[in-house]
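I put down each thing I looked up, in the order I took it.

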Amino acid sequence: MPSPPPPRIRVRILTEPIDERESIEFVRSPLAGAISTFIGTARNTYHGVDVLELAYECYEPMALEVLDAVARETCARYAGDGDERRVTVDGRGGMGVVAMDIAHRVGTVGVTETSVVVSCAASHRKDACDAVAEAMELLKARAPIWKKEILDVVDETSGTRV
Amino acid sequence: MPSPPPPRIRVRILTEPIDERESIEFVRSPLAGAISTFIGTARNTYHGVDVLELAYECYEPMALEVLDAVARETCARYAGDGDERRVTVDGRGGMGVVAMDIAHRVGTVGVTETSVVVSCAASHRKDACDAVAEAMELLKARAPIWKKEILDVVDETSGTRV
Amino acid sequence: MPLLNVLLFARARELAEASSTTLTLPDDPPASVADARAELLTRFPQLSGVLQTSIFALNKTYVKRDDERVAIVRAGDELAVVPPISGG
Amino acid sequence: MPLLNVLLFARARELAEASSTTLTLPDDPPASVADARAELLTRFPQLSGVLQTSIFALNKTYVKRDDERVAIVRAGDELAVVPPISGG
């Protein structure tokens, strides 16, 4: 029985638009029957107020370390035992998670544009989906990244948008 | 408070390769802060035996009706109340799911190629991820689609691959 | 005497060596999906195994196994043999 | 007298009108993150509010609020003020 290979992991902080397809292709693997991708996009409202765009700021060297740790922890948690001979009825097992890609954009992100992508490939469906959900939870809890909503509200004192 | 628009829904059975990016762009919306995409891919092993390719067969008119029903039920289940003024701490709410795209490929699907894509956009993260997971469960339980693994095993009687 | 269109998929299609067939069934009393199942078995004895694990879809709606006796088939209806599905 | 590099982000950066600063702290006894927090408040009183909800990262590792007194800062260390994060 082959043991699972170490997961392929990539993490990036990008100032340019994120290419979701390239993220999917990065994780695609003959060992994987499932790819799950989460894409965070800039919504047009914040607590009911119109949003013009988002501005993301990042402590980049630390953020890269945190994202790498998040990916490694998540891949380890959803690793498989390499046994592909068994029928899986629960959407897990086999090689488990085999690849993960995390990319976060910084700078100005327009409405509908992508701010973050997490892609994960696994032998089976639930490992892939759960690993992505968990990586997003950990990213939001730990990565030193800040979002600021640029709202369509003019400050009456300064005349600038807030 | 605006009420959520009816969800945009598209379902397809395709003989050509599925374009994952196009599926993501179909669901992308200024109302959505989250897009979740699940991609089923052809794995290189089946119960430990090498797989050469997959062959999918479909009862197409019924499959399209089932996929449409799956998308509508799932969107209804994760619909929001339109209230974007509240802070969401649970990754749900607002407009809920605003768009879903389901595409299933039929015919020959090579190893690593995509057999199915489900994309969903929602105001918030958990609604999008849970709706995709649920749509996949329903699709697997109900859609009249059959997968056959073409294995790298030669039948000794006929001399053909099984 | 309704003429029923029957579609065969996956293992059922392979064993019958046909992707569709037609069945002629009695109409008094009206025939049911259960009658169609019996007639299919007579016509294609090689489907015996796969029919045990298949359900039928009548005009694109699944018929529960317990409802096959009460699901009436009419001339021009489309009945599909649905072996265990495996999409995704 | 360690010279400590301090990075300021988000609301802390906006209020201080600076993305970084340096602090000179006593080295006998050695200064801690808690001392840096106090010195920052003296230097930038306008950070009073945001510092209450911020944590520090020392050389790219978060320092728990309860550990600020025991986390020693050394010359050349990099200390970051981390207001509540909101990535994703």
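I began with chain B and chain D and found no contact between them; their closest C-alpha atoms lie 10 Å apart. The model is a predicted one, and I read every value below with that in mind. I then checked chain A against chain C: these do not touch either, and their nearest C-alpha atoms are 10 Å apart.

Next I asked which chains have the most contacts between them among the three pairs that touch. That pair is chains A and B.

I looked up how chain B superposes on chain A. A rotation of 180° does it, with 0.0 Å of shift along the axis and an RMSD of 0.0 Å. I noted this as the relation of a two-fold axis. I also wanted the residue of chain B that comes closest to the rotation axis. I got Thr37(B), with its C-alpha at 2.6 Å.

For the interface I compared the residues used by the two copies. Of the interface residues of chain B, 98% are also interface residues in chain A, so the copies meet through the same surface.

I went on to helix H2 of chain B, which runs over residues 60–77 and has 18 residues. From first C-alpha to last I have 25 Å, close to the 26 Å expected at 1.5 Å a residue.

Which residues of H2(B) are buried? I listed Met62(B), Ala63(B), Val66(B), Leu67(B), Val70(B), Ala71(B), Thr74(B) and Cys75(B). I set a general point beside the list: an α-helix has 3.6 residues a turn, so residues three or four places apart point the same way.

Then I turned to chain A as a whole. I counted three helices and nine strands in chain A. Along the sequence I wrote the pattern down as β-α-β-β-β-α-β-β-β-β-α-β.

Of the 162 residues in chain A, 54% are buried. I also looked at contacts in chain A between residues at least 6 apart in sequence; 76% of these join residues at least 24 apart.

Last came surface and charge. The accessible surface of chain A is about 6,600 Å², and 51% of it belongs to carbon and sulfur atoms. I have 19 positive and 26 negative side chains in chain A. The centres of the two sets lie 6 Å apart.

Technical notes:
Residues are numbered from 1 along each chain as its sequence is written. Chains are lettered from A and ligands numbered from 1 in the order in which they are written. This is a predicted model: local features need pLDDT of at least 70, side-chain atom pairs count only at pLDDT 80 or more; totals for chains, interfaces and linings use all residues. Side-chain values use heavy atoms; hydrogens and water are left out. Copies are superposed by least squares on the C-alpha atoms of residues with pLDDT of at least 70 in both. Contact means heavy atoms within 4.5 Å. Helices (H or I, at least four residues) and strands (E, at least two) are DSSP runs, numbered from the N terminus. The expected span of a helix is 1.5 Å times one less than its number of residues. Buried means under 20% relative accessible area, exposed over 50%, partly exposed in between (1.4 Å probe, protein chains only). Accessible areas come from the Shrake-Rupley method with a 1.4 Å probe; for residues, only the protein chains shown count as cover. Lys and Arg count as positive and Asp and Glu as negative; His and the chain ends are not counted. The place of a charge is taken as NZ of Lys, CZ of Arg, CG of Asp or CD of Glu.
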